[in-house]
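Here is a short tour of one protein chain, from a single residue out to the whole fold. Please keep the model open as you read.

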Amino acid sequence: PEQVGRLDPERAIARNVTGSATLWCGIRANGTMTDCQVVDESPAGWRFGDAALAMAQYFRISPKTVDGKPVEGSRVRIPVVFSLAE
């Protein structure tokens, strides 16, 4: 959480702007993300997509398995919501 929290868009935080982004990522056999792309960002212009892309390096997911072995090639849509601490 600390690593990811440091990647929130600073300008948005300073102006109390919340937002979201959706990524479309490939999944490696080890569960890490690859080839992520921003497919949605709201509100536009606040760099929520860039922040979500930077966070993707910390995401892990159970990959698809074939005959009990993890395989690459699956893709996943990842919604990321940026909210302000209360």
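## A buried threonine

With a relative accessibility of 15%, Thr-22 counts as buried, because buried means under 20% relative accessible area, with exposed over 50% and partly exposed in between (1.4 Å probe, protein chains only). Thr-22 lies in strand 1; helices (H or I, at least four residues) and strands (E, at least two) are DSSP runs, numbered from the N terminus.

Leaving aside residues up to four places away in sequence, Thr-22 touches Gln-37, Val-38, Val-39, Asp-40, Arg-77, Ile-78 and Pro-79. Contact here means heavy atoms within 4.5 Å.

## The nonpolar core

The largest nonpolar core has 17 residues, and Phe-48, Ile-78 and Phe-82 touch the most other members. Strand 1 (19–27), helix 3 (48–55) and strand 5 (75–82) each contribute at least two residues to this core. Such a core is a set of buried Ala, Val, Leu, Ile, Met, Phe, Trp, Tyr and Cys residues joined through side-chain atoms within 4.5 Å.

## The whole chain

There are 3 helices and 5 strands in the chain, following the pattern α-α-β-β-α-β-β-β along the sequence. Of its 86 residues, 30% count as buried. Among contacts between residues at least 6 apart in sequence, 68% join residues at least 24 apart.

The chain exposes about 5800 Å², with carbon and sulfur atoms supplying 48% of it. Accessible areas come from the Shrake-Rupley method with a 1.4 Å probe; for residues, only the protein chains shown count as cover.

## About the model

This is a predicted model: local features need pLDDT of at least 70, side-chain atom pairs count only at pLDDT 80 or more, and totals for chains, interfaces and linings use all residues. Residues are numbered from 1 along each chain as its sequence is written, and side-chain values use heavy atoms, leaving out hydrogens and water.
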